[in-house]
Amino acid sequence: MIQETIVTTVNTSGAAHIAPMGIHIAGPSADELIILPFRPSTTLDNLLSSRTAVINYCDDVRIFAGCLTGRRDWPLKPAEKINGQVLVATLAHAEVELARVEEDPVRPKLFCKVIHSVNHAPFQGFNRAQFSVLEAAILISRLHRLPLEKIESEIDYLRIGFEKTAGNRELEAWNWLMAVIDAHKKEMNA
């Protein structure tokens with residue numbers, strides 16, 4: 001199973017890096033997670049050097065869209081059991097330690113053990129606009145790997161649910177993502 005999360009890591013100087021990432025649940029319990037960052041990646045570099053990360057379970061889709069559109073300045077607070085940072089806006093978080101690495105030239109598998117988890121606020125459920133923003137964010141992350149026609153087709157479909165259920169947060173996040181697609185189209189036509 002893959003869960004869409006926000007992963008926070010810190011570098012050797014203690015500076016935090018925030019990245020949306022699908023993490024894999026390894027096995028029947030949720031005490032081992034697999035993080036698969038592409039090379040090159042700040043998340044990969046930070047996790048290999050610090051051997052720790054925080055998995056943030058968040059319903060504010062602006063953070064997902066923001067990280068993919070150059071908006072990475074989200075409030076953080078210190079983790080409780082590891083050297084790391086937790087998103088203030090997270091509903092829950094898991095502090096993890098790197099247990100082992102399966103090397104791969106493109107996308108190594110980082111097996112992490114959950115050493116501490118905290119619930120901060122109840123999950124109130126997603127609306128269709130939040131799902132649409134998450135899916136659009138994933139498409140944006142693959143903008144240079146997928147044909148533009150596929151991206152546009154998927155966005156057209158996602159727009160249906162988005163327009164029916166979006167609130168202000170979702171609207172803001174969606175507009176950031178659509179601006180990236182528009183810029184990509186202009187770049188392709190230049």
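**The aromatic rings**

Guide: This is a predicted model. The structure holds three aromatic pairs. Take Phe126 and Phe131 to begin. Their ring centres are 5.2 Å apart, and their planes meet at 50°. Planes under 30 degrees apart would count as stacked, and over 60 as edge-to-face. The angle here is 50°, so this pair is tilted. Now check the surroundings. Phe126 is partly exposed, at 30% relative accessible area. Phe131 is also partly exposed, with a relative accessibility of 49%. The cut-off for exposed is over 50%. Phe126 and Phe131 also belong to a cluster: together with Phe123, they form one aromatic cluster.

Next, turn to Phe162 and Trp174. The centres of these rings lie 4.4 Å apart. Their planes are at 20°, so the pair is stacked. Look at where each ring comes from. Phe162 is in helix α4, which covers residues 148-165. Trp174 is in helix α5, residues 168-189. The pair therefore ties together parts that are 12 residues apart in sequence.

Finally, look for charges over rings. Arg100 lies over the face of Phe111, 3.7 Å from the ring centre. Arg145 has its charged end over the ring of Phe38, at 4.7 Å from the centre.

Technical notes. Residues numbered from 1 in each chain as written. Predicted model: local features only at pLDDT ≥ 70, side-chain atom pairs only at ≥ 80, totals over all residues. Heavy atoms only, no water. Phe/Tyr/Trp six-rings, centres within 6.5 Å; stacked < 30°, edge-to-face > 60°. Buried < 20%, exposed > 50% of the residue type's maximum accessible area, 1.4 Å probe, protein only. Helix = DSSP H or I, 4+ residues; strand = E, 2+ residues; numbered from the N terminus. Lys NZ or Arg CZ within 6 Å of the ring centre and 35° of its normal.
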